[in-house]
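Here is a brief report on one protein model. Have the sequence and the 3D view open as you read.

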Amino acid sequence: KQINRLNFKNFENQFKEIDGSINAIANDVAAKVGMVVRSTGAMARLGMTQITSIGDIPQYMGTANFQGRGLLTGLFEALTGLFNANDRAAMEVLQIVSNSYSATAYRGNVYAAGNDSWGKMGELQNTFFKWNGLNGWVSRLKSSMILGLSRHYGMLTETKFSNLDLRERNFLTLYGIDEGKWDMLRSVKTLAIDNKKYLTAEGVNEIGDDVITNYIGRKLSQREIRNFKKDLELTWRNVLVDQGMHGSPEPDAATRAIMNQGLEKGTPMGETIRFVMQFKGFPISMWKKIIGRELYSYGADEGNLPMLKGLSSLLIMGTIFGYIAMSTKDMIRGRTPRDP
């Protein structure tokens, strides 16, 4: 029954997000009018979103905990990044400064569809969210997550796969990294700064051809070996980028496919769905990336306790930080914070 669902029709909306065809415009005037109305509405409603984004910290903590690094590690790391105290040298080598910025230009990527504005209005919107601090907030959280995860596994390069904690092993397995691939990753040169090692996977060319051949179990051509090395590097980069997007949740192609339903801009239904779903990107991302992760992404050998702990900590920490954000906005407006 599941195999029968693997057809183009069921994934057509996702493919439209990936290949960019969702950005086609059926009626230029209608699309521009809708975009301007939504963009001005977003700037009018989201002026205080940096304060609201205090609620991102529990998601960051939960993501760090899911990686096997602990809730308090996540809290410390998030605060370090938000106060702009991350290691700049490591950020440059990991190429996460420009990547984080370009990925979060207008956090519409988080609260809406990032491709919903363009031209001068898009520039104005991006400038608005840059100056209200939202872009920087998200960028710093992403950078912190990528740095922290790279450092955590960089410091474990002397550890065999079987000696890693169960949570660490299962986390790597989610991305197809088994014992053989872990041994390859930990064998390459790591970035070392101030006695801290960062696993970057940029040195995959150091891996011997015979190591890859033994792992695959058959003779490989030079092209196959090159492709394997590149795939291994991209796998680790994907781990870092994907977890960065979980530390500060934002819509991916699958989420945007739900929001846009494959409907073109400028059509009656296309504009209607964009108005209806304008501010739904964040809650959908929370459901798919954070709650969905806690429900479905733990290993069978871990039992139900990690899931229950993860959901409980999200609920408790989300409530606490949500109250902090709400009270901060009350004080800015000259109101007495509500009784907790």
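## Ground rules

Helices (H or I, at least four residues) and strands (E, at least two) are DSSP runs, numbered from the N terminus. This is a predicted model: local features need pLDDT of at least 70, side-chain atom pairs count only at pLDDT 80 or more, and totals for chains, interfaces and linings use all residues. Residues are numbered from 1 along each chain as its sequence is written, and side-chain values use heavy atoms, with hydrogens and water left out.

## Helix H2 and its partner H9

Helix H2 covers residues 28-45 and helix H9 covers residues 119-131. The two pack at an angle of about 10°, and their axes are 10 Å apart. Axes are lines fitted to C-alpha atoms, for helices over the stretch in contact, and angles run from 0 to 180 degrees between N-to-C directions. That angle makes H2 roughly parallel to H9. Angles under 35 degrees count as roughly parallel, over 145 as roughly antiparallel, 65 to 115 as roughly perpendicular and the rest as oblique. On the H2 side, the contact (heavy atoms within 4.5 Å) is made by Met35, Val36, Ser39, Thr40, Ala42 and Met43. H9 supplies Met121, Leu124, Gln125, Phe128 and Phe129. By class, the contact of H2 with H9 has eight nonpolar, three polar and no charged residues. Here Ala, Val, Leu, Ile, Met, Phe, Trp, Tyr, Cys and Pro count as nonpolar, Asp, Glu, Lys and Arg as charged, and the others, Gly among them, as polar.

H2 has 18 residues. From its first C-alpha to its last it reaches 26 Å, close to the 26 Å expected at 1.5 Å a residue. The expected span is 1.5 Å times one less than the number of residues. The buried residues of H2 are Ala31, Gly34, Met35, Arg38, Ser39, Gly41, Ala42 and Met43. Buried means under 20% relative accessible area, exposed over 50%, partly exposed in between (1.4 Å probe, protein chains only). These buried residues pack against H9 and helix H16 (268-276).

## The nonpolar cores

A nonpolar core is a set of buried Ala, Val, Leu, Ile, Met, Phe, Trp, Tyr and Cys residues joined through side-chain atoms within 4.5 Å. The largest has 29 residues. Those with the most contacts inside it are Tyr153, Phe171, Leu172, Ile177, Trp182 and Trp236. H14 gives the most, with six residues. A second, separate core of 14 residues includes Ile51, Ile54, Met61 and Leu82.

Which residues does Tyr153 contact, leaving aside its neighbours within four places in sequence? They are Gln67, Glu168, Phe171, Leu172, Trp182, Leu199 and Trp236. H10 has 21 residues, and 17 of them are buried, so H10 is largely enclosed by the rest of the structure. Its end C-alpha atoms are 30 Å apart, in agreement with the 30 Å its 21 residues should span at 1.5 Å a residue.

## H12 across H14

H12 and H14 pack at an angle of about 85°, with axes 11 Å apart. They are therefore roughly perpendicular to each other. Lys181, Met184 and Leu185 of H12 meet Phe228, Leu232 and Trp236 of H14. Five residues of this contact are nonpolar, none is polar and one is charged.

## Loops and backbone

Most residues other than glycine have a negative phi, and most peptide bonds are trans. Ala201 has a positive phi of about 65° although it is not a glycine. Ala201 sits in the loop between strand E2 (196-198) and H13. It is buried, with a relative accessible area of 0%. Gln261 also has a positive phi, of about 55°, and is not a glycine. Gln261 lies in the loop between H15 and H16. At 39% relative accessible area, Gln261 is partly exposed.

Gly217 is in the loop between helix H13 (209-216) and H14. Is Gly217 buried or exposed? It counts as exposed, at 62% relative accessibility. Pro249, in the loop between H14 and helix H15 (253-260), counts as buried at 0%.

## A residue in H18

Ser313 lies in helix H18 (residues 305-332). It is buried, with a relative accessible area of 12%. Leaving aside neighbours within four places in sequence, Ser313 is in contact with Leu71 and Gly318.
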